[in-house]
Amino acid sequence: MENIKEAQASENTDNKKSSTRLSDNIMPHILNLYSSPKPQDFEIYTPDATFEDPLMCAQGVKEIKSAFYSIPKIFSESRIVEYNIQEDEISPGSGQILVDNKQHYKFLGKDVTMISLITLQVKEGKVVRHEDWWDKKPLWNKDTVKVPVLGRLIEMSRRGSMFATHLMMGFGKDPSP
């Protein structure tokens, strides 16, 4: 009888491991990043991770910190209010997570709601690429715009915007507690 209980306990543990989704460890941190980021929320990224949205292109964790630490400085409220997750796990700990979501912001006393698609490329349990597609439209760059020169200019302006944000946010320095 004891052997049967041990086998069942082992089977239950195995089922829990297999039912763990790629997003289970990442999503709580993503939700925090869009509202009130903390230093530990950035541990989901690899050191050379990238973040892109229509306004900026961050390369590396320090720039990603600057991008997200700037949100509470600009908006009096910000958060993801609704979301659905779709995952495509290629191998254990690696794959793509799509977060179809609605974001709420308050800017100068006015409510702003935005529909977005967040795409996360994950390798070995860490995010290597994070894109936020506003209105679910792919980001413009040299590969997605019909005129490659225009795409390059857009990329350069997003990098310039990131540099200015990075400078104003103390080059990714964590805020004092």
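Predicted model: local features only at pLDDT ≥ 70, side-chain atom pairs only at ≥ 80, totals over all residues.

Analyst: A helix here is a DSSP run of H or I with at least four residues, and helices are numbered from the N terminus. A pocket is an open set of grid points with protein on both sides within 12 Å along at least five of seven lines, and its lining residues have an atom within 4 Å of a point. The largest pocket holds about 430 Å³ of space, and its lining is made of 21 residues, among which Asp 53, Leu 55, Ile 71, Phe 75 and Trp 134 lie nearest the centre. Helix H5 gives the most to this lining, with three residues, while the elements that give two or more are H3, helix H4 (71-74), strand S4 (94-107), strand S5 (110-123), strand S6 (126-134) and H5. Sorted by class, the lining has 15 nonpolar, four polar and two charged residues.

Two of these contributing elements, H3 and H5, also pack against each other: helix H3 (residues 61-69) and helix H5 (residues 148-168) meet at an angle of about 80°, with their axes 9 Å apart. Because angles of 65 to 115 degrees count as roughly perpendicular, H3 and H5 are therefore described as roughly perpendicular to each other. On the H3 side the contact is made by Lys 62, Glu 63, Ser 66 and Ala 67, and on the H5 side by Arg 159, Met 162, Thr 165 and His 166. By class, this contact of H3 with H5 has two nonpolar, three polar and three charged residues.

Definitions and conventions
Residues numbered from 1 in each chain as written. Heavy atoms only, no water. Axes fitted to C-alpha atoms, helices over the stretch in contact; angles between N-to-C directions. Parallel < 35°, antiparallel > 145°, perpendicular 65-115°, else oblique. Contact = heavy atoms within 4.5 Å. Nonpolar A, V, L, I, M, F, W, Y, C, P; charged D, E, K, R; others polar. 1 Å grid on protein atoms, 1.4 Å probe; cavity = no way out; pocket = protein on both sides within 12 Å on 5 of 7 lines; lining within 4 Å. Points joined across faces, edges and corners; volume = space filled by probe spheres on them.
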